[in-house]
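Colleague: I am new to this structure and would like to learn how to read its core and its rings. Please take me through them.

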Amino acid sequence: VQLQASEEAWCSLGGSLRLSCAASGSIFRINDMGWYRQAPGKQRELVATITRGGSTNYAGSVRGRFTISRDSAKNTVHLQMNSLKPEDTAVYYCNAVVVVTTTARPYAYWGQGTLVTVSS
């Protein structure tokens with residue numbers, strides 16, 4: 001299973017960006033999908049997650065500005081980021097909890113990381 005995410009992106013304070021990530025390979029079902037980020041010198045943190053049923057969860061710092069969505073038919077997840085701030089600058093990682101066969105356990109896969117830079 002591979003997760004292919006958007007290329008590097010940047011914008012100015014208050015701008016908007018949209019990240020996308022597509023899962024491919026031997027996939028029976030994808031459970032939760034999500035986005036995490038890691039800023040320089042900091043630990044990786046949750047940004048947003050979405051269940052197979054569409055329930056979402058957001059970090060407090062992005063709630064109201066970011067929107068996560070998914071297309072289960074295409075095994076893709078998106079992150080619409082509005083009102084961006086310099087503190088949103090980080091490497092963003094997409095994540096998918098994948099079941100590869102009917103008897104396999106779910107396993108978390110990660111994308112390669114997308115550098116998002118927001119200038120002030």
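Modeller: Bear in mind that this is a predicted model. Start with Tyr92: leaving aside its neighbours within four places in sequence, Tyr92 is in contact with Leu19, Trp35, Tyr36, Arg37, Val47, Phe66, Leu79, Met81, Gly113, Thr114 and Val116.

Colleague: Which residues have the most contacts inside the largest nonpolar core?

Modeller: In soluble globular proteins, nonpolar side chains tend to be buried together. Here the largest nonpolar core has 31 residues, and those with the most contacts inside it are Trp35, Leu79, Met81 and Tyr92. Strand S9, residues 90-99, gives the most to this core, with five residues.

Colleague: How many aromatic pairs does a search of the whole structure find?

Modeller: A pair of aromatic rings is described by the distance of the centres and the angle of the planes. The search of the whole structure finds two such pairs. For Tyr36 and Trp110, the ring centres are 5.1 Å apart and the planes are at 65 degrees, so the pair is edge-to-face. Tyr36 lies in strand S4 (residues 29-38) and Trp110 in strand S10 (residues 107-110), so this pair ties together parts that are 74 residues apart in sequence.

Colleague: Why is the pair of Tyr107 and Tyr109 edge-to-face?

Modeller: Because the planes of their rings are at 70 degrees, with the centres 4.9 Å apart. Tyr107 is exposed, at 52% relative accessible area, whereas Tyr109 is partly exposed, at 21%.

Colleague: Where does the charged end of Arg44 sit?

Modeller: The charged end of Arg44 sits over the ring of Tyr93, 3.7 Å from its centre. Arg44 also lies over the face of Trp110, at 4.7 Å from the ring centre. Trp110 counts as partly exposed, at 38% relative accessibility.

Conventions: Residues are numbered from 1 along each chain as its sequence is written. This is a predicted model: local features need pLDDT of at least 70, side-chain atom pairs count only at pLDDT 80 or more; totals for chains, interfaces and linings use all residues. Side-chain values use heavy atoms; hydrogens and water are left out. A nonpolar core is a set of buried Ala, Val, Leu, Ile, Met, Phe, Trp, Tyr and Cys residues joined through side-chain atoms within 4.5 Å. Buried means under 20% relative accessible area, exposed over 50%, partly exposed in between (1.4 Å probe, protein chains only). Helices (H or I, at least four residues) and strands (E, at least two) are DSSP runs, numbered from the N terminus. Contact means heavy atoms within 4.5 Å. Rings of Phe, Tyr and Trp (its six-membered ring) pair if their centres lie within 6.5 Å; planes under 30 degrees apart count as stacked, over 60 as edge-to-face and the rest as tilted. A charge sits over a ring if NZ of Lys or CZ of Arg is within 6 Å of the ring centre and within 35 degrees of the ring normal.
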